Amino acid sequence: MIKIRKFELADEPIVRAMYGAQGFDYVLPDLTDEKRWVVRAVLDGHSGKPEMAVFLRRTAETYLFLEPFVGTRREKLGRILAMDREVMQAARESGLTNAHCWLPPEIDGNFGKLIMHVGWKRAKWGSYFREIK
């Protein structure tokens, strides 16, 4: 019989081993940091030991609205940098550890390069979403 339960600190080495066995190329975040995670769940399999774990962290989906015909590219970059600095400080103070944005294909190339100048990075993986209702 399987059982789904809350993550316990004793599960951390087992979940860390699962992560290692998957061979993914990313740094495993601190699973024990209670402030980072909204949900930490473990599935115990027939053996009674964890066989799966799911962690949900707080994140922000970012929307930027700007007047497209005002200012030069350099001026826009300066304004974006100022806004980014202020907003990310507020996000950090509220406990967020990351923010995401998805760019429409028609602006991804140029605007993607622009926001990378202020510290954003292009993700390696495809993005999927699920609305929680």
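## Terms and model

Helices (H or I, at least four residues) and strands (E, at least two) are DSSP runs, numbered from the N terminus. Two strands pair if DSSP finds at least two bridges between them.

This is a predicted model, in which local features need pLDDT of at least 70, side-chain atom pairs count only at pLDDT 80 or more, and totals for chains, interfaces and linings use all residues. Residues are numbered from 1 along each chain as its sequence is written, and side-chain values use heavy atoms, with hydrogens and water left out.

## Overall layout

The chain holds 3 helices and 5 strands. Read from the N terminus, the order is β-α-β-β-β-α-β-α. The radius of gyration is 19 Å, well over the 14 Å that the globule rule gives for 133 residues, so the chain is more spread out than a compact globule. That radius is taken over C-alpha atoms, and the rule is 2.2 Å times the number of residues to the power 0.38. Along its principal axes, the C-alpha trace spans about 65 × 30 × 30 Å.

Of the 133 residues, 21% count as buried. Buried means under 20% relative accessible area, exposed over 50%, and partly exposed in between (1.4 Å probe, protein chains only).

## Strands and hairpin

Strand β1 (residues 3-6) runs antiparallel to strand β2 (residues 37-44), and 4 bridges join them. R5 has V42 in β2 as its bridge partner.

Strand β2 is also joined to strand β3 (residues 50-57), by 7 bridges, again antiparallel. Here V39 stands opposite L56 of β3. β2 and β3 form a hairpin with 5 residues between them. In the turn, G48 has a positive phi of about 85°.

## Nonpolar cores

In soluble globular proteins, nonpolar side chains tend to be buried together. A nonpolar core here is a set of buried Ala, Val, Leu, Ile, Met, Phe, Trp, Tyr and Cys residues joined through side-chain atoms within 4.5 Å. The largest has 8 residues: F7, V15, Y19, L28, L31, W37, V42 and F55. A second, separate core has 6 residues, including I80, L114, I115 and V118.

Contact means heavy atoms within 4.5 Å. Leaving out residues up to four places away in sequence, L31 touches F7, E12, V15, W37, R40 and F55. Among contacts between residues at least 6 apart in sequence, 53% join residues at least 24 apart.

## Aromatic pairs

Rings of Phe, Tyr and Trp (its six-membered ring) pair if their centres lie within 6.5 Å; planes under 30 degrees apart count as stacked, over 60 as edge-to-face and the rest as tilted. The count is 6 aromatic pairs. The W37 and F55 rings have centres 5.1 Å apart and planes at 70°, so this pair is edge-to-face. The pair links distant parts of the chain, with W37 in strand β2 and F55 in strand β3, 18 residues apart. Both W37 and F55 are buried.

Y63 and F65 form a stacked pair, 6.3 Å centre to centre with 10° between the planes. Y63 is exposed, at 56% relative accessible area. F65 is exposed too, at 72%. Ring pairs also link Y19, F24, Y26 and W125 into a cluster.
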